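Please open the model in your viewer and keep the selection panel at hand.

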Amino acid sequence: MRRHRTGQLLRLITAACLILLASACTANLTSVRDFANTSFDAAQYSQLVVVYVETPTRLKRYEPSSQWPELDRQASQRQAQRQQLLLRHTLVKEYMSALGQLAADGLPIYDNELDELGKALEDAKFADEGEATAFAAVSKLLVTAATDRWRRDKLESLIEQSNAPFQVVVGAMAKTVEQGFTGDAAIERIALDKYYTTLQQEGKDPAGLAALAEWRAFRTNELVTHDQAIRNYVVVLKTIGQGHQKLYETRDQLSKAEVEADIQRYANRLKEAFNAVKGL
Amino acid sequence: MPPLTSDDAFALSKSFRDLSVALGDFRFAHWNTLSESDRSTLEDEEWSLLNSASDMITKVVGLTLDESQAGVARLKGATASAQKAVKTLNDVRKVITVATASVGLAAAIVSKDPGAIAKNAKAVFDAATASA
């Protein structure tokens, strides 16, 4: 009787151990996947790059024709920057796709965009050598992950090897948006104010002045909305960087409940900031 | 002068756009007493300064390095003294002198000509302080 009970107990313990082992092996890393998926979505948003590239052309609305050759020159310079700026988005997107795939124990995909990254590096599209090196490092890892058919057991390795160069690329993106795009928006706002104030000083017809005031308010609102999008996108990019840093620091314990909760907080903050951008 | 970093270019862009705003404030505040020609001259200088600020933003976006450089402080000092002069002066001729010197400085910075930068920074500072 006693032997029978001991046998049952042993079977129960063995079963419990097997269940625990299985759950450890198949921890679903929901928060890592959530963070990666939201970062992927956020990196697809490249509207701010488009607006920045087109600012000199839009400024022609406000400035006298004597300034147009200078604005045309700036427009072509920015057009030349466009690809590099968009490639940063592509890199983050591809990286987050691989991170999400590995967290789900899937295979990272080798697609055209990954090819495009390699070509851009060969063409030396980067003005900054430090960023070019970081870009090459992340890009190379992504190719290795896809061609060597990495799975979840390589997740820790991906995070570990990519964190430093990834931070360089995301940091460059955040700085560009925070300084460059904010400064760009401030210039457009000043141009708008100069243009409409001059017209309003020159105007005499009350109906014309009323129409001008309406247009001025309309254009001003557009710029206010754009400014809000810039501010929120800075939060998005900084949260992607901070969240990845957290992944790096906790890379060997990603299935722990408290680590999952921490990563989920980054994913939630990211969603909130990105929803604010999309909602504008 | 060493090459501009992104932080330098951002700071200078802000200095020149603030100067453009200060000139615009002067033009609007003295609108009825200014001749059409003076208004037009001032407005041209405002747009030139604003477009130089925009050009510096293009450089900010093209650079990601962070090291701070000495020397830029002198340039910011020159534009700050120009801005202060424009805000306190009433004489349009003096304001135009300060504005013209500032446009020259902005152009020299954008063209990365060290000799012209030093010469124009001095010209801005001299114009701003002589006017005070």
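Predicted model: local features only at pLDDT ≥ 70, side-chain atom pairs only at ≥ 80, totals over all residues.

Residues are numbered from 1 along each chain as its sequence is written, and chains are lettered from A and ligands numbered from 1 in the order in which they are written.

**Chain B**

Begin by selecting chain B, which has five helices and zero strands, so that its elements read α-α-α-α-α from the N terminus on; helices (H or I, at least four residues) and strands (E, at least two) are DSSP runs, numbered from the N terminus. Of the 132 residues in chain B, 51% are buried, where buried means that 20 or more other C-beta atoms lie within 10 Å of a residue's own, exposed that 12 or fewer do, and partly exposed anything in between, with C-beta atoms placed from the backbone. Among the contacts in chain B with a separation of 6 or more, 79% join residues 24 or more positions apart; two residues are in contact if their C-beta atoms, placed from the backbone, lie within 7 Å.

Next, select α1 (6-29) and α2 (36-62) of chain B. The axes of α1(B) and α2(B) are 8 Å apart and the helices pack at an angle of about 165 degrees, the axes being lines fitted to C-alpha atoms, for helices over the stretch in contact, and the angles running from 0 to 180 degrees between N-to-C directions. The two helices α1(B) and α2(B) are therefore roughly antiparallel to each other, a description used for angles over 145 degrees, whereas those under 35 count as roughly parallel, 65 to 115 as roughly perpendicular and the rest as oblique.

**Where the chains meet**

Now show both chains and select the contact, which takes 26 residues from chain B and 29 residues from chain A. On the side of chain B that touches chain A, the elements that give two or more residues are α1 and α2 of chain B, and α2(B) gives the most, with 13 residues. The residues on this side of chain B divide into 12 nonpolar, nine polar and five charged, with Ala, Val, Leu, Ile, Met, Phe, Trp, Tyr, Cys and Pro taken as nonpolar, Asp, Glu, Lys and Arg as charged, and the others, Gly among them, as polar.

**A helix pair in chain A**

Select α3 (residues 47-59) and α7 (residues 155-202) of chain A, whose axes come within 10 Å and cross at roughly 30 degrees. That angle makes α3(A) roughly parallel to α7(A), and their crossing is left-handed. Residues to display here include A:Tyr52 and A:Leu59 of α3(A), and A:Phe181 and A:Ala191 of α7(A).

**The cores**

Which residues touch the most other members of the largest nonpolar core? In this core of 58 residues they are A:Tyr95, A:Val138, A:Leu158, A:Val169 and A:Leu270, a nonpolar core being a set of buried Ala, Val, Leu, Ile, Met, Phe, Trp, Tyr and Cys residues joined through C-beta atoms within 7 Å. The element that gives the most to this core is α7(A), with 12 residues. Centre on A:Tyr95, which touches A:Val138, A:Leu142, A:Ser162 and A:Phe166, residues up to four places away in sequence not being counted. A second, separate core of 50 residues includes A:Ala75, B:Met56, B:Val103 and B:Ala106.

**Single residues**

Select A:Phe35, in helix α2 (residues 30-44) of chain A, which is buried, with 30 other C-beta atoms within 10 Å. Not counting residues up to four places away in sequence, A:Phe35 touches A:Gly243, A:Ile263, A:Tyr266, A:Ala267 and A:Leu270.

Finish in two loops of chain A. A:Asp105, in the loop between α4 and α5 of chain A, has a positive phi of about 60 degrees although it is not a glycine, and it counts as partly exposed, with 15 C-beta neighbours inside 10 Å. A:Arg149, in the loop between α6 and α7 of chain A, has a positive phi near 50 degrees, again in a residue other than glycine, and is exposed, with 10 other C-beta atoms within 10 Å.

Key. Left-handed = near helix turned anticlockwise from the far one by under 90°.
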